[in-house]
Amino acid sequence: MMDGIDTNAIIGAAHDKVKHDSAIKHVTGKAVYIDDLPTLPGTLEAVFITSSHAHAIIKSIDISKSASMAGVAAVLSVKDIPGQNDIAPIHDDEPLLADGVAEYVGQPIAILAADTYDQAFTAAKEVAIEYEVLEPVLSIEEALEKEQYTGPTQLMQRGDSAGAIDSATQKISGEISCGGQDHFYLESNIALAVPGEDTDMLVYSSTQHPSEVQHVVSHLLGVAFNDITVEVRRMGGGFGGKESQPTIIAGAAAMLAAKTGRPVNCRLRRDADMVITGKRHDYLFKYHVGFDDSGQIEGVDIDMAMRSGNVADLSIGVLARTLCHGDNCYYLPNVTFRGYPCKTNTVSNTAFRGFGAPQGMLVIETIIEHIARILGKSVEEIRAVNYYGTDDRNITPYGQTVKDNIIVELTERLAKEVGLEDRIVAVDKFNAENKTLKKGIAMMPVKFGVSFNTPLLNQAGALVHVYTDGSVHLNHGGTEMGQGLFTKVAQVVATVFQIDINNIKISSTRTDKVPNTLATAASVGSDLNGMAAFNAANTIKARMTEVAASHFAVDQADIKFRQNRVYAGNDSLSFADLAQLSWVERVSLSATGYYKTPDLTWDLKTMTGSPFYYFTYGACISEVVIDTLTGESRVLTADILQDCGNSLNPAVDYGQIEGGFVQGMGWLTSEELVWDDKGRLLTHGPSTYKIPGSRDVPPELNIHILEDAPNRVPTIFRSKAVGEPPIMLAISVWLALRDAVARLADGTRMPKLNAPATPEAILRAVDDICSKVSE
């Protein structure tokens, strides 16, 4: 039962293990993506002409040869943009096409459309660009030295961290870095722009943010928002990489379509996608910490410097979330967190699953480990004295009270269920018996704040129609990228109407159906769109209830929707019959729904407020083995316990946990972005950029969703977000690799192992710690 509704009486109710609506189509190849749409007559294919230098003045662009080649319909540069050359998602002055200066290798300078892709690709090579090469800034360290940033630096403070560190009985300092990560979605960025009457334009875009694509295209073309309609049925993966970046591709396609009057398809090859579009931010952290002899932290000071890239994009928000998660699960009484959005002549980094939180957690976990090694205690002992409390020691560095803390019981339960103490003993035994192979084991606790940091972004709309045959049409502002959002929201509507989910038609996200939408991101897709659809469905249900009460001559309170029927005591109508009757009675069977998350505050200047509606919790214990001669590693087991509240769909959530964990493993172990000294990305394809394969998944991957733990705040059916939190559980793998290296010494030395822990990095860390032992 749920709020008086029997959710077990229909197929596909909330909390049921319902398969993804496109699952069969995904595995059979029948799911229709933008590149699968029938080719419209006269469709052109588009290609970008990009900068070959990381930093250069563009002295001239000669398109004469390429424009005269067979099949070429248009070649456009910045001077051909009819509106504003700006695709910035938050700030301004972030050009679609370089205007006078190129700021990274791969930055679009011109766009070309031809009858075929081969013609466009060949002609693009003939665009002649003359440069005056400038000195690039390619590293975080250099940008810091030059104080070169894409936005204001950030400062989060509480108490007197300097004084607390100075007076502490124990002090440590250190440095750690983590690399970026390419999204490597299966479907690369793509857009199809179809011109209509007058200045109308229909844009099919593989985007997490259709309204942003709508706004950017309208700015570029100099037309109103209502001239542009953006549609997306599904993406072949997004992970944040299709939040702001699709405006580059859709903007190019729309400009060429407007110029030629013909449909334009702009699809990026894998290497072009990796070179042109942004990635997860890499970071450099420097920390100073004071603590007592028990390991309890008294003061912490951390510099958090990110590679923002050539423009701000979403870096300011990402950096704020990094600072907001620099505490992870720990109470820090005296804090100074400084954030630096470093401007470099590399592609502008952008949103990626976790949105800065994984990086913030990584540095505080390094600090916890460092304290443990200094004091000769276990990491779990240090965590235990630093965990947030429930009645006290429960206020974050940014001033939000943690009201739903379950991290202690969750981690203790996981440790007990997997026999952590016995497994540590077994690891010790294995290492004593093996000279070359060494094991490590580690836990990672996670406290993740759920909501967009900016309160105004936490809103959503939905549109629901009930037809007279009882079938339902559902539309909302969320987008489907494989995460199962459409299925979950359909379950919500099915539950409200108490009809089987196969009666509900899931439809493409379109800006002309639900306007002014926000990105499907921050793990709040179900929270926001589910509640908006819930409100829309309940509006219609209330109207139908009034009709049913009149028909049966009973009070409205006596009307019950149950098992595809509507009851008044022993009398009933089918849901379809009541829909028909409502129409006969001239009652509207269409409604919009709207939802805004309550109780959110945030001041970016002071870095204070309550930016999160709630927190979600999880923990993972990973066991690894390394080869000390080659640096190769393998994750042997991973045991996960994840808090999903009252899961809307345990089957979908399980997949999100599994996928998030493996993607996090990739970020921390094998996915390495490498630029040369000219600013050229060397790892721009699967041959040079290693994402996890099937054999990298732990042979034992045990996932458990925490039961009987409903959300304490009134989210949709008391569920919790699950899209991003699991990626941070993979930090347990990195910590376990560090543990394996540290065990080569006496356990008190900090291994020099940054992320990603590639074989080369592990081998260097092994050599370093072994050389110290021999000294």
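**Reading a helix, and beyond**

Modeller: Gladly! In helix H12, the buried residues are Ile407, Leu410, Thr411, Leu414 and Val418. Viewed down the axis of H12, they fall within an arc of 90°, so they line one face of the helix. Please keep in mind that this is a predicted model.

Colleague: Which residues of H12 are exposed on the other side?

Modeller: Glu412 and Lys416 are exposed there. The buried residues, in turn, have a cover that includes helix H13 (420-433), strand S16 (437-450), strand S27 (614-627) and strand S28 (633-642).

Colleague: What span should the twelve residues of H12 have, and how far apart are its end C-alpha atoms?

Modeller: Counting 1.5 Å a residue, H12 (residues 407-418) should span 16 Å, and its end C-alpha atoms are 17 Å apart, which agrees. Just after H12 comes Gly419, with a positive phi of about 65°.

Colleague: Let me try another helix. Which residues of H3 are buried?

Modeller: In H3 (residues 117-124), Ala120, Ala123 and Ala124 are buried. They cover an arc of only 100° around the axis, which puts them on the same side of H3. The elements that these buried residues pack against are strand S1 (44-50), helix H2 (64-67), strand S3 (72-76) and strand S5 (108-114).

Colleague: Is Glu147 buried or exposed?

Modeller: Glu147 has a relative accessible area of 62%, over the 50% cut-off, so Glu147 counts as exposed. Asp313 also has a positive phi, of about 50°, although it is not a glycine. Asp313 is in the loop between S14 and helix H9 (315-324). With a relative accessible area of 6%, Asp313 is buried.

Colleague: And the peptide bonds: which two residues does a cis peptide bond join?

Modeller: A cis peptide bond joins Ala755 and Pro756, with omega at about 5°. Pro756 belongs to the loop between helix H19 (731-742) and helix H20 (759-774).

Colleague: How do I read the surroundings of a single residue? Take Asp301: where does it lie?

Modeller: Begin with the element, then the burial, then the neighbours. Asp301 lies in strand S14 (residues 297-309). Its relative accessible area is 12%, so Asp301 is buried. The side chains of Asp301 and Arg338 are joined by a polar contact of 2.7 Å. Not counting residues up to four places away in sequence, Asp301 touches Ser161, Ile165, Lys286, Tyr287, His288, Thr336 and Arg338.

Colleague: Let me follow those steps for Thr396. Which loop holds it, and what does it touch?

Modeller: Thr396 is in the loop between helix H11 (379-386) and H12. At a relative accessible area of 0%, Thr396 is buried. Setting aside residues up to four places away in sequence, Thr396 touches Arg158, Asp327, Tyr388 and Val402.

Colleague: Which residue has its C-alpha atom 5.8 Å from that of Gly440?

Modeller: That is Glu623, which is 183 residues from Gly440 along the chain. Gly440 is in strand S16 and counts as buried, at 0% relative accessibility. Apart from neighbours within four places in sequence, the contacts of Gly440 include Val427, Glu623, Ala736 and Arg743.

Colleague: Let us end with domains. Which ones does the assignment give?

Modeller: The domain assignment gives domain 1 (2-31 + 459-596) and domain 2 (405-450 + 614-775). Their centres, taken over C-alpha atoms, are separated by 39 Å. Domain 1 brings 22 residues to the contact and domain 2 brings 22 residues.

Colleague: How much area is buried between domain 1 and domain 2?

Modeller: About 1700 Å², with carbon and sulfur atoms giving 63% of it. On the side of domain 1, His15, Lys488 and Ser523 lose the most area to domain 2, together 34% of what that side buries.

Notes
Residues are numbered from 1 along each chain as its sequence is written. This is a predicted model: local features need pLDDT of at least 70, side-chain atom pairs count only at pLDDT 80 or more; totals for chains, interfaces and linings use all residues. Side-chain values use heavy atoms; hydrogens and water are left out. Helices (H or I, at least four residues) and strands (E, at least two) are DSSP runs, numbered from the N terminus. Buried means under 20% relative accessible area, exposed over 50%, partly exposed in between (1.4 Å probe, protein chains only). A polar contact is a pair of N or O atoms within 3.5 Å; within protein, one must be able to donate a hydrogen and the other to accept it, and residues adjacent in sequence count only if both atoms are side-chain atoms. Contact means heavy atoms within 4.5 Å. The arc is that of the directions from the helix axis to the C-beta atoms. The expected span of a helix is 1.5 Å times one less than its number of residues. Domain bounds come from an automatic or database domain assignment. Buried area is the accessible area (1.4 Å probe) that two parts lose on being put together, summed over both.
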